[in-house]
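Colleague: I would like to go through this one with you and check each term against its definition. Shall we begin once it is on the screen?

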Amino acid sequence: MTQPLLETAAWKALQAHFAEIEKKHLRELFADDPDRGTRLAAEGAGLFLDYSKNRVTDETITLLLRLAEERGVLARRDAMFSGERINITENRAVLHVALRAPKGSSIAVDGQDVMPDVHAVLDRMAAFAGRVRSGEWLGHTGKRIRNVVNIGIGGSYLGPEMAYRALRSFADPSMVFRFVANIDGAAFHEATQDFDAAETLFVISSKTFTTLETMTNADVARQWTLAALGQDAAVEKHFVAVSTNEAGVKKFGIDVENMFGFWDWVGGRYSMDSAIGLSTMLAIGADGFYDMLAGFHAMDTHFREAPPERNLPLLMGLLTIWYNNFFGAQTLGVMPYAAPLARFPAYLQQLQMESNGKHVDLDGRVVGYQTGPIIWGEPGTDGQHSFYQLIHQGTKLIPCDLIGFCRPMSPSAHQHDLLMANLFAQAEAMAFGKTAVELTQEGSPDFQTPFRVAEGNRPTNLILADALTPHSLGAMVALYEHSVFTQGAIWAIDSFDQWGVELGKVLAVRIIPELDPGSEPQLHHDSSTNAAIRRYRARRG
């Protein structure tokens, strides 16, 4: 049985240390340690992390690393990479790292090497993507495919959509990609209203091929296609599946030769580099997709081999623990200063909050501490004119990750300079703020000064890459995956199940027939739910 976290020697040492430095200001830390801006930094897999603007000292980092050692983080990491069943509630291995391991690697689950199967699927994906992108694959009427709609939900949607938006500059400009997840019919209508069914390919992503939202939208897509093209045979040319349910795929009308599988050791939120990424490969091509996998693998290698004090995912995970559990911060802001990464915070929301939103430890004991923080964010500079006011002068502590790229993502280098100037300025302003004395020296009217004071001492991580590319995107996603892993290992929770997600699904299935206006079933919910159902039925029209 795992020792309770709050009883460990490392945790108690951190508590004592926190009491000593809780009130220390970053202005003081930088004044006392002029070299911290260059010393408290690390890099790996093409990413650079400056964590000097965190409310930490060298002793803090030493104690956090000691906590990681005492909690067996690195041993658990090695167990994951070796295919052990660390997802204990579902008795599964956790091997998303196998999805991006290169050919020639060997990773075993229950004594069987999974890498040949991984690369067999990748080879089939590459062949299919090549046929579609070249125009060899034709629709039912002989037209070339120009539109691709990915239908999924959760990890089958957030990853592919995020990756496409991030890498649109690498995508085939002659093709249009859309993504549908919401069961609201308006989402499907908006995605397809300007499409010609004869030129449209649907990628249906559902491991079981039974997911309610995904299969509802898949059925609507099938009806939409057949209404335009008329024959059931059209389904084979306009639908492919990412699934493991061969019977379900065949029943839908999809040729099983166009079914791309994955494995129970791949969690949905860790699956964008599996066959779930088929739409990504269709967009950026097989070479671009393999480059993204190489970025993932480079960070995997860094996580396995870099010493703890230079290990980016380990450091970021420990800093999240520091603010979440000692400072009591409720949230973590993720602010990419890159418009193409607009959906990156939403992707990380699922990665972090579905993984570490747990209330019991690996032994089934209710935890006595906060687990996963709330993840949120928007691209800079948009957020600066939206919610940064609260970060700078509000009463809540909100640690932030600020992400930027050294090379422009558009032909306008000057605009990129402006963007990056804002990133660096925000990190500086959050750290050091503006004092009343400084404002007075600058000529601030006395009556305004209290309103203009910014306390500073708002912690940030600065993450930089040379450019936003498939490789750097893969490395960045893996960075956060392993940071989430580190946090879960410290908290001794299962970061790879999601039982809370299932509860609402079960109740929804029960309620669906109760909404049919053609019947009046007896309701057995609470009085609020019963009243809401009756009101809906009466007003549905």
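This is a predicted model: local features need pLDDT of at least 70, side-chain atom pairs count only at pLDDT 80 or more; totals for chains, interfaces and linings use all residues.

Colleague: How do the residues that line the largest cavity divide by class?

Modeller: Eight are nonpolar, five are polar and one is charged. Residues are numbered from 1 along each chain as its sequence is written, and side-chain values use heavy atoms, with hydrogens and water left out.

Colleague: What makes a space a cavity and not a pocket?

Modeller: On a 1 Å grid over the protein atoms alone, a cavity is a set of points where a 1.4 Å probe fits but cannot get out, while a pocket is an open set with protein on both sides within 12 Å along at least five of seven lines. Residues with an atom within 4 Å of a point count as lining. The structure holds four cavities of 30 Å³ or more.

Colleague: What is the volume of the largest cavity, and what does volume stand for here?

Modeller: The largest cavity has about 80 Å³. Grid points are joined across faces, edges and corners, and the volume is the space filled by probe spheres set on them. Of its 14 lining residues, Leu 332, Gln 352, Ile 375, Tyr 480 and Gln 487 lie nearest the centre. Helix α19 (470-491) supplies the largest share, four residues.

Colleague: How much space lies in the largest pocket, and which residues lie nearest its centre?

Modeller: About 1,000 Å³. Its lining has 41 residues, with Thr 211, Gly 268, Gln 498, Glu 502 and Lys 505 nearest the centre. Helix α20 (499-511) gives the most, with six residues.

Colleague: In what order do the strands of the open sheet run, and why do β6 and β9 stand at the edges?

Modeller: The order is β6-β5-β7-β8-β9, with parallel pairing. β6 (176-180) and β9 (259-260) each have a single partner strand, so one side of each lacks a neighbour in the sheet.

Colleague: Which strands does helix α7 lie across, and at what angle to β6?

Modeller: α7 (155-166) lies across β5, β6 and β7, at about 150° to β6. Contact means heavy atoms within 4.5 Å. Axes are lines fitted to C-alpha atoms, for helices over the stretch in contact, and angles run from 0 to 180 degrees between N-to-C directions.

Colleague: Why is the pair of Phe 18 and Phe 327 called edge-to-face?

Modeller: Rings of Phe, Tyr and Trp (its six-membered ring) pair if their centres lie within 6.5 Å; planes under 30 degrees apart are stacked, over 60 edge-to-face, and the rest tilted. There are 25 aromatic pairs in the whole structure. For Phe 18 and Phe 327 the centres are 4.8 Å apart and the planes stand at 85°, so the pair is edge-to-face. Phe 18 lies in α1 (9-21) and Phe 327 in α13 (312-327), so the pair ties together parts 309 residues apart in sequence.

Key
Two strands pair if DSSP finds at least two bridges between them. Helices (H or I, at least four residues) and strands (E, at least two) are DSSP runs, numbered from the N terminus. Ala, Val, Leu, Ile, Met, Phe, Trp, Tyr, Cys and Pro count as nonpolar, Asp, Glu, Lys and Arg as charged, and the others, Gly among them, as polar.
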